[in-house]
Amino acid sequence: VPDWLANMTGLAHLDLGGNALAGTLSDRTFAEMRGLIFLRLDGNRLEGTVPAVLARLPNLHVLTVEDNKFTALGANGFCEDLPHLGKEDSIFSADCGVPTDDDPFITRKEAIACSCCTECCSGGGECNEGIQRLSGQGLPWKHGYDRDQL
């Protein structure tokens, strides 16, 4: 993710899903995005931990981080710090299901421990045991996101 993204503090919706982004994410990138409601990071090659600062964004209602190489959520207490994620009227999807052997993005064999995820994926695009992804349903649009498809 480019460093200049940290300067875009007024963003409400950021869709970086499916862009073959690689590397780690720093807390600095998202620290000042207080108005961020929707963040899509799924379908990349991001690795390391999901930044702890995401747990402290006061307006974040939709966060998709599945289909990456993340090994853990940020700092201890990540799930306890969430103002909206993991609660009613939110979507937090991650690779907390059982990874599949045929997923080109997931190389690990264990899942992320995520007690606050509303949607667990297993890699290869399958979430909720094959049921339609929550992020493809109405909630993102309720928060003003109008992309034709996820």
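**Notebook: strand pairing and salt bridges**

I began with E2 and strand E4 (residues 45-50), which run parallel and are joined by two bridges; strands here are DSSP runs of at least two residues, numbered from the N terminus, and two strands pair if DSSP finds at least two bridges between them. I note that this is a predicted model, in which local features need pLDDT of at least 70 and side-chain atom pairs count only at pLDDT 80 or more, while totals for chains, interfaces and linings use all residues. Residues are numbered from 1 along each chain as its sequence is written, and side-chain values use heavy atoms, with hydrogens and water left out.

I looked up the residue facing Gly23 and found Leu46 of E4 opposite. I then followed the open sheet, whose three strands come in the order E2-E4-E6 with parallel pairing. Its edge strands are E2 (22-23) and E6 (69-73), each of which pairs on one side only.

I turned next to the salt bridges, of which the structure holds two; the criterion is a side-chain nitrogen of Lys or Arg within 4 Å of a carboxyl oxygen of Asp or Glu. I found one between the side chains of Asp15 and Arg40, at 3.4 Å from N to O. Asp15 belongs to strand E1 (residues 13-15) and Arg40 to strand E3 (residues 38-40), so this pair ties together parts that are 25 residues apart in sequence.

I found another between the side chains of Arg40 and Asp42, at 2.8 Å from N to O. Through shared partners, Asp15, Arg40 and Asp42 are joined into one network.

Technical notes
Helix = DSSP H or I, 4+ residues; strand = E, 2+ residues; numbered from the N terminus.
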